[in-house]
Amino acid sequence: MFDKYDIIVVGAGHSGSEAAAAAANMGSKTLLVTMNLQTIAQMSCNPAMGGIAKGQIVRELDALGGYSGLVTDRTMIQFRMLNKSKGPAMWSPRAQSDRMLFALEWRKMLEATPNLDFWQDTVVGLMISNNKIKGVVTGMGMRIESDAVILTNGTFLNGLIHIGEKTFGGGRMGDKASTGITEQLTGLGFLASRMKTGTPVRVDGRTIDFSRMEEQKGDENPSSFSYLEPAHLANQRSCYITYTSKDVHNILREGFHLSPMFSGRIEGVGPRYCPSIEDKIERFSGKDAHQLFVEPEGWNTVEYYINGFSSSLPDYIQFKALREISGFEKAKIFRPGYAIEYDYFPPEQLKYTLETKLVENLYFAGQINGTTGYEEAAAQGLMAGINASLKLQEKEPFTLGRDEAYIGVLIDDLITKGVDEPYRMFTSRAEYRILLRQDNADFRLTPRAARIGLASEERIRIYENKLGLTEKLKTYLKSTSIGPEFINHLLIERETAPIGQKMKLAGLLLRPQVSIHNLWPIIEQDFKARHGIDELSSEVLESVEISVKYEGYINKEAELADKLKRIEEVRLKPDFDYHSLQSLSWEAREKLTRIKPETLGQASRISGVSPSDISVLAVFLGR
């Protein structure tokens, strides 16, 4: 019934969808196996993409030829650029999406992808021979052969759903759990553990009194995630903000003795940075109120997601507490919040390509590696899909450094440091934030995508056009002077000192009070005439402004990254006997042996490996 496939992707969440698209677009004959074809790339938690650091990842996915940015742009109902009051390294795009349209658009794009087939079934086992993957076994008894397999099982591996004292199997509400894979892999020597995550109550918007809440509108001039398509969001839906109170907290405490989290029935560790409401009440006991974001689920639905009210308390406790919150006095709910506990595999068992160390051509991506969040999962899926294809084509692996992408930071953190709680990306995790901005992801990564054949001709054309315009404007600003008679009225208006003689435009742009949008009306006609240009996008203007204003910082960070690459690129043999180096600390010998770092740089970031241990290795290697 089935021909042999190059790659089988197990699971069609955000990670599996990106993995399947990347593999197929790189020419691999790919099969996407999922329990339910109606829930491809479903937003199981909040209906939003992006946010602080996460928005940078979506831009990187798009620059590399992934689909997440395009899907988000085509289905968004609100767009906001977060952290605009801070420096550009912190700016982060975020969008509310229409949950149903998001999944539908993903399916449409996947179905339009050549080399990609679909099969609705559950994978219950893997075909492995001589520590090499040979295919999968499904619940319907199908044995499907392939040269590589990418597991993106999300929260489905032995998933358990908890609502108060009620516990039942499931990968998410309404979907059954997946069994068999964990047991087989642990039998082969893989380490597995448990994690938990949760989701909040969903509320009927017809019963919410929005007049008692703070309205949160989208940006006046909304942008987009993808570099391929211009922003097109003409109308937006508002979100709303409300707060819990002492009374709400007291009601929730009534159910703490029934909480699976406090009773010990949940073994898995939950996300530190997205805790349940009961966890927040315990952890921040001195705080009388917590902020809640009331987010619409789409254009044509009354369902609302209550961000910040995740809970596994009994449903009647959740409902009673909800009705004490301002605006929810008459609320009706669609479903209660719940916690879900699931298996994951500590990611130190992976190579940089996300291939497992124990079984050749078997890849892990997404929550199976201990991460949380759509964006983190999608990034791993894309990288696994790329690398599985490259390996089958006998080409060099594709990896990203910490100075090249947030995706590089994510994967390096996972395989080097491991996780003891669900991993979420933050800007603070990246050493090179000024280099890894959301505005320059295409400059950083589209040439890399082109070299491995993942960037379309259209994407390359758009990239080259933007690069050319950016360089022309930057050169113009640095080489063109302007006299006091043309600029002083603006400088006085912007409350900065007027000039007494001609000054380079780039010098004026260095002033905090002056932006490119202030200068543009004055210089637009001259610039366009000199270069024969009809129009220049705000994206190009913004990119040039950041480049000019922060050039010193950018260059300094780039120099630092280049220096550290000297240690980063020193390769270590996977079979190196660290126990033979008695000068290494015992902890370093243990961890280096277990993790098997690929480079000296990776070894330096392993917890418990000291600078003196790295010096010992460097001396031994003649460095």
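Trainee: Which helix axis comes within 8 Å of the axis of α2, and at roughly what angle do the two cross?

Mentor: Two packed helices are described by the angle between their axes and the distance between the axes. Here the partner of α2 is helix α12 (residues 441-451), and the axes cross at roughly 35°. Axes are lines fitted to C-alpha atoms, for helices over the stretch in contact, with angles from 0 to 180 degrees between N-to-C directions. Helices (H or I, at least four residues) and strands (E, at least two) are DSSP runs, numbered from the N terminus.

Trainee: What should I know about the model and the numbering?

Mentor: This is a predicted model, in which local features need pLDDT of at least 70 and side-chain atom pairs count only at pLDDT 80 or more, while totals for chains, interfaces and linings use all residues. Residues are numbered from 1 along each chain as its sequence is written, and side-chain values use heavy atoms, with hydrogens and water left out.

Trainee: Is the crossing of α2 and α12 left-handed or right-handed?

Mentor: A crossing is left-handed if the near helix is turned anticlockwise from the far one by less than a right angle, and right-handed if clockwise. α2 passes α12 in a right-handed crossing. R59, E60 and A63 of α2 make the contact with A441, D442, R444, L445, T446 and A449 of α12, where contact means heavy atoms within 4.5 Å. By class, the contact of α2 with α12 has four nonpolar, one polar and four charged residues. In this scheme Ala, Val, Leu, Ile, Met, Phe, Trp, Tyr, Cys and Pro count as nonpolar, Asp, Glu, Lys and Arg as charged, and the others, Gly among them, as polar.

Trainee: How many of the residues of α2 are buried?

Mentor: Buried means under 20% relative accessible area, exposed over 50%, and partly exposed in between (1.4 Å probe, protein chains only). In α2, ten of its ten residues are buried, including the charged K54, R59, E60 and D62. Just after α2, G65 takes a positive phi of about 100°.

Trainee: How do α13 and α17 cross?

Mentor: The axes of helix α13 (residues 457-479) and helix α17 (residues 538-549) come within 9 Å, and the crossing angle is roughly 50°. The two are therefore oblique to each other; angles under 35 degrees count as roughly parallel, over 145 as roughly antiparallel, 65 to 115 as roughly perpendicular and the rest as oblique. The crossing of α13 and α17 is right-handed. On the α13 side the contact holds K466, L469, T470, L473, K474 and L477, and on the α17 side E539, V540, L541, S543, V544, S547 and V548. These residues divide into seven nonpolar, three polar and three charged.

Trainee: Which residues does S17 touch?

Mentor: S17 lies in helix α1 (residues 14-25) and is buried at 0% relative accessibility. Beyond four places in sequence, S17 touches A12, I40, A41, W106 and L110.

Trainee: What is the phi of A41?

Mentor: Phi of A41 is near 50°, a positive value in a residue other than glycine. A41 is in the loop between β2 (30-34) and β3 (48-50) and is buried, with a relative accessible area of 0%. E495, not a glycine, also has a positive phi, of about 60°, but E495 is exposed at 70% relative accessibility. E495 is found in the loop between α14 (484-493) and β21 (503-504).
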